[in-house]
Amino acid sequence: MLTLVLPLTEAADEAPSPLLPHTAEIIFGFVFLVLLAIAFAKVVVPKFEKAYADRTAAIEGGMNEAKQAQAEAKAALDKYNAQLAEARQEAAKIREDAREQGAQIIAEMREQANAEAERIVTHARAQIDAERTQAVASLRGEVGTMATTLAGRIVGESLEDEARQRRTVERFLAELETSESARQAVGTDG
């Protein structure tokens, strides 16, 4: 029956063509190709699709993980930069505070030095005034004694009387001071 539907052999008078296959072979090849394509589509293609989907998911997951890691690294960098900026501001503030404290310490030290210098100058002036007063008193006594002795020699009488001697010396010194101050006044005017 197969020979009726599909003649496998061609007429004897025609020679078979070496390039053209038999029609039954073409039909069987086509059916086998369709069955193979169906089997390939049912079995092999889903496995390839699953492997492709798994690989795509792995790649996308890796990309997502990389993006997440990059975002975390950027956040860490931003945090580090913020901390660094904060540390720089704090260091600048500490330097400024140190400068202010240094200036304040210098001002205090100058003030203390000025106060100490003023105290020393005041003490020295007081000491000089005391020494001058003592020297003037000592000189008055010596000048008085010398003046009385000299006056006694010039006058020829003794000036042993203490009260008289004191009055004479004081009058003499007062005249000297008056003449000295008059010389200074004339010297500053000219």
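1. Start with exposure. A residue is buried under 20% relative accessible area, exposed over 50%, and partly exposed in between (1.4 Å probe, protein chains only). By that rule Arg99 is exposed, at 53% relative accessibility.

2. Know the model. This is a predicted model: local features need pLDDT of at least 70, side-chain atom pairs count only at pLDDT 80 or more, and totals for chains, interfaces and linings use all residues. Residues are numbered from 1 along each chain as its sequence is written, and side-chain values use heavy atoms, with hydrogens and water left out.

3. Now the fold. The chain has 3 helices and 0 strands; helices (H or I, at least four residues) and strands (E, at least two) are DSSP runs, numbered from the N terminus. Of its 190 residues, 5% count as buried.

4. Look at residues 26–45. UniProt, in an unreviewed entry, places a "transmembrane region" there; such annotations may be inferred rather than shown by experiment. This stretch is 100% helix, and its end C-alpha atoms are 26 Å apart.

5. Next, salt bridges. A salt bridge is a side-chain nitrogen of Lys or Arg within 4 Å of a carboxyl oxygen of Asp or Glu. The count comes to 5. One of them joins Glu96 to Arg99, with the closest N and O atoms 3.2 Å apart. These two are 3 residues apart in helix α2, so about one helical turn separates them. Glu96 is partly exposed, at 37%.

6. Compare another pair. Asp129 and Arg132 meet at 2.6 Å, N to O. Asp129 is partly exposed, at 36%, whereas Arg132 is exposed, at 51%.
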